[in-house]
Amino acid sequence: MIPVAILLLQTGGIADLTALVFAIAGGLFVLGAATALFRRDPLLRVMGVVMVFAAAALNLVAASGLRGIHGQAFAIFLAVECAALSVMAVAVLAARNQSGKDGRS
Amino acid sequence: MMTGIFAQYFTPADYLISLPLVLLALFAGGILVMDTMMPRSWRAVNGWTALMGLAFSAAALSRAYLASLHPDRGFVVMNGLFGTFVLDRVTLAATVALLVTTAVVFLITLRANRRENELSGAFCAAVLLALLGMICVVGAHDMVLLLVSMQLVVLALSLLLAVSEPANATGPQWDAAWKLLIAGTLSTGALAFIFSLLYALSGQTALLAAAGKLEGLMRTGAVPQQFLGLVAFSALLVLGTLAPLMPFSSWSPFSLEHAAPSVCVMLAAGLPLVAWPLAIRLFGETLYPIRATLVPLFVVVGLFSLVVGSLAMLLQGNLHRFLAYAAASQAGFLLLGFSGSFVGEKPAPDGLLGVFMHVPALAIALAGCYALSPMVASRRDRSARVEDLAGLFHRSRFEAVLMTVLLASLAGLPLAGFWGRYTLLQALWLAHPMLAITAGLFSVIALVGYLRLMVRMMDGEAARDAYGVPRKVATSWSLRLVLTLSAVALIAGAYSAPVQSFVKWMLYL
């Protein structure tokens, strides 16, 4: 999502597009938070949290069109945090399933 | 020291600030490597090495403190790592408190009857890495560093919960680790979203600079309503899922129920020491210009936490769960008191003073209770039940007295926990009298829960029923540790003036 947003921002129409991207990011954030809080499937929960991070990254990339390059660097840090979460989540889920659970929380 | 072109990228201040953190990371890595080469029976070496890491880190911190002492002005704030980390008085005090808490964690594990996987390499490394993240959270003045360190704390604490039991155990520790991971990461994600909005408005990642821009925009009325709505929703998520302000998350009582006492101390005593400096930096400084949006959230979340915590603690049969709900009740009380300071152009000093007087007292009392819990448990392989306390005064008088002192401090009776509560109630009374009455009422309900436990400990009938229950499994060392914590609670209650002066110095009041 981040490279796509960068590409879109580089192709012009920055102000209108930025407003659109902010709106999409807001929707993505609400959807992600709801998924993480209310779904019971562990993988969907992880995806919900990742969507929350993606929404923040999208905002940062959109804002960096107006505010400078820092936002994109910040977004990369968030992507790394997401990767760390995913690795840890997979490890915990695998261990939990191995210890006799059915994988549902 | 470094010279030439590199001097501008790595200054002496950077070196002094980063040294305690680098030492913790090095010791964590070293313990992991050492653990692969040692037999299981030598695991105590991991604990002693970790304690040595804490000592080195404390020495490096004291070096940074001495370097920032000015002959006329005393302690001067030290900026480092491109202004992302600031060693001010709050950071210094919180770091010292965190180092002490972590030392207590290792001392409990080394000297008490530890569980099988405590003091494994992964356990010790997770504690040190969690501490590293916590120190960075406390000192961070930049959005990126703050988020990265928050994520480190969440990952390290999840790992700690998971590895404190053997990997093939069917125990609930994996569920607990999973819940902590999801709740903590969601909290970090919501905070990341707030920061992304703040960056979009201000173009800054430095917290104070962003706060300045936000204040200017609020004055001119240039902040869109959608921004405020999204920030409110995200702040609700952060407050609801952030571990120490945990009213909405169900993971904490669940995870603490089965966790080892050392893990409980790290979670229940360590996290408030991080969360409140963070809350003050985040809500009391950076987002203070939008206080009109934030205060109703504090009130709602605080009341929810206070009511649910105070009522739920009355119904608990497990001592760890009882203490977890007690901590939720305390978090609600603190949040309500904190909201009382959001009245003027700057946060009112009384509320902040109350928060910082109450949080250390809370941490001391919770750490002491969790450290004492294996000594009063009827079964060595399980955490203590509330029923195990019945007749304790007649079986193990010394432990019963210590537990009474710690519970009394938690309850807000005139010990260490009293003065913070009193100051917070005063601040709340001035700002919102009705809320102060509600907070006082639910504090009384919580007091009933604590008193019930104390009365149960004195119950002679129960002591006769419990004849044949194995006596305490404590060692003199761990008792001495709890005795020290209880003594601190007593002394801080009797002589509150030095504590108050210290907190005022810390907050520049």
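Chain A has four helices and zero strands, where helices (H or I, at least four residues) and strands (E, at least two) are DSSP runs numbered from the N terminus. Read from the N terminus, the elements of chain A follow the order α-α-α-α. The model is predicted, so local features need pLDDT of at least 70 and side-chain atom pairs count only at pLDDT 80 or more, whereas totals for chains, interfaces and linings use all residues. Residues are numbered from 1 along each chain as its sequence is written, with chains lettered from A and ligands numbered from 1 in the order in which they are written.

Of the 105 residues in chain A, 41% are buried; a residue is buried if 20 or more other C-beta atoms lie within 10 Å of its own, exposed if 12 or fewer, and partly exposed in between, with C-beta atoms placed from the backbone. Two residues are in contact if their C-beta atoms, placed from the backbone, lie within 7 Å. On that basis, 51% of the contacts in chain A with a separation of 6 or more involve residues 24 or more positions apart. Chain B holds 20 helices and four strands, and 59% of its 509 residues are buried. In chain B, 78% of the contacts between residues at least 6 apart in sequence join residues at least 24 apart.

We turn next to the interface. Here 32 residues of chain B are in contact with 32 residues of chain A. On the chain B side, H5, H6 and helix H8 (225–241) each give two or more residues, and H6(B) gives the most, with 17 residues. The residues on this side comprise 21 nonpolar, nine polar and two charged; Ala, Val, Leu, Ile, Met, Phe, Trp, Tyr, Cys and Pro count as nonpolar, Asp, Glu, Lys and Arg as charged, and the others, Gly among them, as polar.

Helix H3 (residues 42–67) of chain A packs with H6(B): their axes come within 9 Å and cross at roughly 15 degrees, the axes being lines fitted to C-alpha atoms, for helices over the stretch in contact, with angles running from 0 to 180 degrees between N-to-C directions. H3(A) and H6(B) are therefore roughly parallel to each other, since angles under 35 degrees count as roughly parallel, over 145 as roughly antiparallel, 65 to 115 as roughly perpendicular and the rest as oblique. Residues of H3(A) including A:Val52, A:Phe53 and A:Leu60 meet residues of H6(B), among them B:Leu186, B:Gly189 and B:Phe193. By class, this contact of H3(A) with H6(B) has 15 nonpolar, four polar and two charged residues.

The largest nonpolar core has 224 residues, and A:Val52, B:Val127, B:Leu128, B:Ala130, B:Leu160, B:Val265 and B:Leu366 touch the most other members. Such a core is a set of buried Ala, Val, Leu, Ile, Met, Phe, Trp, Tyr and Cys residues joined through C-beta atoms within 7 Å. Helix H6 (residues 173–202) of chain B gives the most to this core, with 20 residues. Beyond its neighbours within four places in sequence, B:Leu366 is in contact with B:Ala268, B:Ala269, B:Leu323 and B:Ala327.

Two further sites complete the picture. B:Met143, in helix H5 (residues 143–163) of chain B, is buried, with 26 other C-beta atoms within 10 Å. Leaving out residues up to four places away in sequence, B:Met143 touches B:Phe195, B:Thr205 and B:Leu207. In helix H16 (residues 416–431) of chain B, 12 of the 16 residues are buried, so this helix is largely enclosed by the rest of the structure.
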